[in-house]
Amino acid sequence: METPKLLVLVRHAKSSWKHPGLADHDRLLNPRGFRDAPRMAARLAARVPAPARIVTSSAVRAHTTARTFADVLGLDPGSLEVRPELYGAGSNEVLETVRGLDDRHGNVILVGHNPTFTELGNGLSAERIGHVPTCGVVSLALASGRWARADWGAFGLVDFDYPKRVADGGP
């Protein structure tokens, strides 16, 4: 019997626009981003099994968010994989990345950008979650034990969490 896969989509934490001359790829997290990322990682740790791998966009804000999640989740630095092609990728391209994941990794976090992560969060399962805000975390289960079988509507929504839900006293 195949073991289900868990895909966790994390939109990068809030970034800074303080340096207008800085290239978009190089934008840093702002203070709210530095506050939200460890809180959301801790909340994720309490809700789902620890991931085996974190795959992130190469953008500074995404990579910083991914490193924070890895630190809070107690993951080995080797579990973090930077994929430059995720920066600016559309939802079909990210889905191809998911299909190419190693089946030895049962739980994987992808860290990336909008609008792509909102499209993925709404399209991979039959349930609609609306907009994925910065540092939003969408957990999705794939019943198949093979990442290659990932497809639109093939996942079940496990959880959707985001910083404002924490601030509003959500579960």
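Mentor: Helices (H or I, at least four residues) and strands (E, at least two) are DSSP runs, numbered from the N terminus.
Trainee: And what kind of model is this?
Mentor: This is a predicted model, where local features need pLDDT of at least 70, side-chain atom pairs count only at pLDDT 80 or more, and totals for chains, interfaces and linings use all residues. Residues are numbered from 1 along each chain as its sequence is written, and side-chain values use heavy atoms, leaving out hydrogens and water.
Trainee: Which way do β2 and β3 pair, parallel or antiparallel?
Mentor: Parallel, over 3 bridges; two strands pair if DSSP finds at least two bridges between them. In that pairing, I54 stands opposite L80.
Trainee: Over how many bridges do β2 and β4 pair?
Mentor: Over 4, also in the parallel sense, and R53 stands opposite V108 in β4.
Trainee: Are R53 and V55 buried or exposed?
Mentor: Buried, on one side of β2, while I54 and T56 are buried on the other. Buried means under 20% relative accessible area, exposed over 50%, partly exposed in between (1.4 Å probe, protein chains only).
Trainee: New topic: where is A141 found?
Mentor: A141 is in strand β5 (residues 137-142), and A141 is partly exposed at 27% relative accessible area.
Trainee: How far apart are A141 and N107 in space?
Mentor: 9.1 Å, C-alpha to C-alpha, though they are 34 residues apart in sequence.
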